[in-house]
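Please look over the structure below, and then read the briefing that follows, which is grouped by topic.

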Amino acid sequence: MNQQRSRRFRASQEAKEKEEARQENLVLWEQMGQTVTDEMRNKKSWDSNAITPGTPFMDLLAASLRYWVAKKLNTDPGWKQVRYVFDLFHLLQLTYVF
């Protein structure tokens, strides 16, 4: 558990440093006469900590997977023999029923 916590802290720290470097690069671009758009200035970086059970990202991913599997079960004949189960952590497991 401590290893995972320290890994997340380190990733968060590295993301902060990367964002600071990106902001410095944008200033350099402007000084060189390059055009920096609002889209470039306001771009948010991806937070890998979002890939954790209980986060909004994982809730959306789980809902999307449930929708996709339900659609496949109802429309794809190759999926008629498939049974799926979501575990408590919203991980998809597909098994064939024989």
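Of the 98 residues in the chain, 11% count as buried, where buried means under 20% relative accessible area, exposed over 50% and partly exposed in between, with a 1.4 Å probe and protein chains only. This is a predicted model, in which local features need pLDDT of at least 70 and side-chain atom pairs count only at pLDDT 80 or more, while totals for chains, interfaces and linings use all residues. Residues are numbered from 1 along each chain as its sequence is written, and side-chain values use heavy atoms, with hydrogens and water left out.

**Elements**
- The chain holds 3 helices and 2 strands, which run α-α-α-β-β from the N terminus on; helices (H or I, at least four residues) and strands (E, at least two) are DSSP runs, numbered from the N terminus.

**Surface**
- The accessible surface of the chain is about 8500 Å², and 58% of this belongs to carbon and sulfur atoms; such areas come from the Shrake-Rupley method with a 1.4 Å probe, and for residues only the protein chains shown count as cover.
- Trp46, which sits in the loop between helix H2 (38–41) and helix H3 (56–75), is exposed, with a relative accessible area of 51%.

**Met40 and contacts**
- Met40 belongs to helix H2 and counts as partly exposed, because its relative accessibility is 28%.
- Leaving aside residues up to four places away in sequence, Met40 touches Arg22, Leu26, Trp29 and Thr35, a contact meaning heavy atoms within 4.5 Å.
- Among contacts in the chain between residues at least 6 apart in sequence, 15% join residues at least 24 apart.
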